[in-house]
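I opened this file to find my way around a protein I had not looked at before. My notes are kept in the order in which I looked things up.

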Amino acid sequence: MPCWHFASEEAKQKFEQNADDDLRKGLKGDRSCTDIIFLIAFIIGVLVYIFVSTAGAAYGNPKKLIQPRDYQGAYCGVEKNWNNGPNLNEQEYLSHTMNITSMIDTIAKELVCSTEAEQILTQGKDGYPALLSSTVQKEDYLCACCLRPCQRCMGSLDVDTSVWDKVSSKMAVLTDPLGGSDLFNPAGLNGDFFSSLWSSTDEFFTRVCLTDCSVDYTKVSNYSETRTAVYEPARDEPLWFAWQVLKNTTSPMAQSIHDVVSKSFTFTAYPESVCPYPAMYCVPMPGVKFETMVGGYCNYEMGAEVVAAIGSSAADAFESLAMQITGSGSAFEYATDLGAWMGDFLESLDTFVLVAVISFIIGFLYIIVARFVLACCIWTAAILTVLVWPFSGGLVYLLSMQCADASLLETGQGVATSVAVAGTTMVEVALEDGNISWEFASEVMTGNGADYRGIQKHTQSGRLCQGWNTQTPHVPLYNSSTDPDAGLISNFCRNPVQPDDRLQAPTIWCYTTDAAHRWEACTPVGVLKPECVYGYAVPDEGDRKSLEITAYVLWACGAIWILLVVIMKRRINLAIAINKVAGRFITHTPQVLLIPIAQAVFSCLWVALWFFLACFLLSQVPDSYSPTSYFASYAEAYGTSDTPGACTDKWPTGFTWKTENCEISTEDDGSELVKCWRCAPPRYVLDARFFYAVFMFLWVNALKVAIGQTIIAGAVAIWFFQEDKRSSRGKISGSVWNVFRFHLGSLCFGSLIIATVQFIRFCLKYLEKQAQAQKNSAAVVALRVSQCCMYCFETLVKFISRKAYIQIALLGNSFCFSAQRAFFLILRNIVRYAMVSVVGNFVETIGVVFITLTSMTLGYLILHEMHPEVYPMVPMIVYFFTTVMIAKLFMSVFGLTVSAALQCFLIAEEMGVMDVYVPKELRWAMDHHRDNPAARGTITRWTLFSQRPTRFGTDGAGKLSAQNSGHDQDRQSRFSSVRSRASE
């Protein structure tokens, strides 16, 4: 039947006898292949995926996903880099060299912006004219040095402009590869500047790929083909022009500065065979060595002369700080710890195997025991849930009346005392015999209670009040004689004060009969919420009112919940019984647990193969993905908080880097525009081939799940619709035969629908990432909402598909028709389905927690006993994930068995064959069905056995068959025989 005929009358009909879906003859045996076109489509899809993935493997390079990258995005140890980048096949290690631009900028500014240089450049000296001839050049220079107020400066530069003559000595330390001891010495010429550079290692070091981590400043002089690198300010720096003037001048007045500029800023660099970059990127940092780490990374290490100069403690601190900033320290620590962790795990491998076996045993025992204690647990949980509502409402109510000077517990005690005192007082007054007049017995009180004339005779803590006119145990200061208008009669609480009294109680009170407690405040009878003298814990009155209303709502929900539990009693019992039936099936058919194990093995192999092939596709970043042009500013290349940059306007995003070989273009007004910023590509991209691979990954996963669910459902159905429940012959094999012989097409169809919905979610996530790269916050929110909606839709589709697979296992129909029959079966029994789902989820959750915690506890004890020397953290983490996986394996089988058993029960109920097949756990439901034949609109057992009886059996393939009994028997004796078999 086509899927668009969803509301067909045939799909809406109940299951009936003498119809195509009559299960009195056993599971449908005359099956045929269903939805074969989708099996063909799946095979074609797999072949296309194999072709695409294997073809992509010829061009991809998975090393690009894990290899370290240098400052411009090139991969260490890779021959062909993006955009004709350097050949780094021999340079497999990521090390760090000196970023001479960042390191020398401050010293260069001390020289160029010094008082001597200012005079030479802008005023002239010794009769020679200024080197900067135009007013514009002078103003640009003064602004670049912040020697005069301008838009780019907020004050003078924080450099010493009076010591330009010391620049040569400072540079001598930096340009000498062996000058590390002076460089990092706080007492040296450079002060502690270079000690603080470790907090910004990414700024003062350049990431480069070298042949070995042992390449450092101590070996640069050993190479015969070393290079030289000459410092210059970056081409887009405002001081570049002034630097060039000083470097190229021949004026005698600038000879001293010229010599410093042209001679003191020259460095020795590694040869190109060791460091295949321009010389300025290959200058070693004096005093800094490196050690080899895992993954091709090099870790910072101080040279011996530096340690001797600054001390080992300071050197260790610098190394640690540098590793934290660059992340190499974390990688090194993780690598070191990983080795120790793996050692602990391997040493306790025998314990791991033992814990896994124990987890299987515990899981199986849980399912067996659950059959007998499930009812007690469910009803206990229901009762506890009933108590949660009033308790929660009480807490919220107490919070609404809590005083600022009292805790929540004290407030609750006060309310309880008020209720008890009110009851006690009313009873005492009712029984009291005397001539007291009650015409003023009102509980109304205003202000401090001076007008109170009520009958409260207990304090807030429940103590009994002493009479005002008695002298024991306390001698009162007030009595009816001293204050005749205060109503001081009997032992009722009062507040005998006058408006002009200097000392006044805040509320009504009384002397107590407790000799150790002279007096205490009271609360009028029936008042649960006395006024708080010092204010409330929730100061806002509106918030207190909201809390009070919330308490009423919670109490109302509690009442509704109690009503629902009472009304739903039979349905809860049905849910419990269905879960017991599921446990009984697994107990009788333990080999069904092999199905999810086989699925897990297949998943591991499939995921490993898919990820291996996907790495080739992901690593194929085309040269045109990121711009190859130059950009004038960091904001233009990287973007801002609300504007995407040219390098980061799509996802996956790359990064930006600054080159020294800038591009210079001439603007329309004749000015020069210097562009020094460039883009580096990301490690991976998601193209159409990868999207197709993702779709096939989802389809294969969904099909794997569908096959497992259908096999289990078929085994449950064969077990349910056979009289001998203890027989294990043919259930699994018969179900496997039906799935792979007839229904792979239908399962491909159902899994295709699920995979399509999941693929749409994946695409929406991809579009969300693109919107984030475009800084489009509105689109990001819309896409997230869409993903949430698709997740809900996916959950619904999975639910319907799961029920459809059970129908396929039962009746062998196509996927669409099975989904329709399942939908309308659920619709006719929506309340029972909901209750079974709630109980089933509860049992599954408790099962996962119980199996995990029990296995973990036993695992720890066994580990401590067998390997006391092993640190337990890593083994226990492995035990946790392993036991959770095993627990979910058991509970997934259990949950599917519950769903299949429920459908079998409902079908048997609608067909009127409950007396024949119903397990003993559901016998009470069968009796209710017999006593109420019109309740479900189905026939009774007497109608069933008024026909010619048949005998049900199981053939070798696991299919049920019907055989004539050979002769008629007495109805009543036949019924007794069936009941006897059903109870087995």
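The entries below go from the whole chain to single residues.

**Entry 1: ground rules.** I am working with a predicted model, in which local features need pLDDT of at least 70 and side-chain atom pairs count only at pLDDT 80 or more, while totals for chains, interfaces and linings use all residues. Residues are numbered from 1 along each chain as its sequence is written, and side-chain values use heavy atoms, with hydrogens and water left out.

**Entry 2: the whole chain.** I noted 31 helices and 12 strands. Helices (H or I, at least four residues) and strands (E, at least two) are DSSP runs, numbered from the N terminus. Of the 984 residues, 48% count as buried. Buried means under 20% relative accessible area, exposed means over 50%, and partly exposed lies in between (1.4 Å probe, protein chains only). I then looked at contacts, meaning heavy atoms within 4.5 Å. Of those between residues at least 6 apart in sequence, 74% join residues at least 24 apart. The protein exposes about 46700 Å², and carbon and sulfur atoms supply 60% of that area. Accessible areas come from the Shrake-Rupley method with a 1.4 Å probe; for residues, only the protein chains shown count as cover.

**Entry 3: the cores.** Which residues touch the most other members of the largest nonpolar core? I found Ile578, Val592, Trp610, Trp699, Leu747, Leu810 and Leu922, in a core of 113 residues. Helix α21 (residues 688-720) gives the most to this core, with 22 residues. A nonpolar core is a set of buried Ala, Val, Leu, Ile, Met, Phe, Trp, Tyr and Cys residues joined through side-chain atoms within 4.5 Å. I followed Ile578 and, leaving aside neighbours within four places in sequence, listed its contacts as Val836, Val898, Ala901, Leu902, Phe905 and Leu922. There is a second, separate core of 64 residues, which includes Val260, Ala279, Val288 and Trp657.

Entry 4: I marked a patch of about 810 Å² made by Leu346, Leu349, Val353, Val357, Ile361, Leu365, Val369, Phe372 and Val373. Patches are made of residues with over 30% relative accessible area and no salt bridge; like charges are joined within 9 Å, and nonpolar side chains (Val, Leu, Ile, Met, Phe, Trp, Tyr) within 5 Å. Helix α15 (residues 349-401) gives the most to the patch, with 8 residues. Phe372 lies in that helix and is exposed, at a relative accessible area of 62%.

**Entry 5: a strand pair.** Strand β1 (residues 93-98) and β2 pair in the antiparallel sense over 6 bridges; two strands pair if DSSP finds at least two bridges between them. Tyr93 stands opposite Leu210 in β2. Asn99 sits in the loop between β1 and α3 (100-112).

**Entry 6: salt bridges.** I counted 12 salt bridges, each a side-chain nitrogen of Lys or Arg within 4 Å of a carboxyl oxygen of Asp or Glu. Asp236 and Lys658 form one of them (3.1 Å, N to O). This pair links Asp236, in the loop between β3 (227-230) and α10 (240-248), with Lys658 in strand β9, 422 residues apart. In another, the closest N and O atoms of Glu768 and Lys765 are 3.4 Å apart. These two are 3 residues apart in helix α23, so about one helical turn separates them. Glu768 is buried at 2% relative accessibility, whereas Lys765 is partly exposed at 37%.

Entry 7: Most residues other than glycine have a negative phi, and most peptide bonds are trans. I listed a cis peptide bond between Thr472 and Pro473, with omega about -5°. A cis bond also joins Trp651 and Pro652, with omega about 0°. Ser490, not a glycine, has a positive phi of about 50°. Lys775, not a glycine either, has a positive phi of about 60°; Lys775 is found in the loop between α23 and α24 (777-811).
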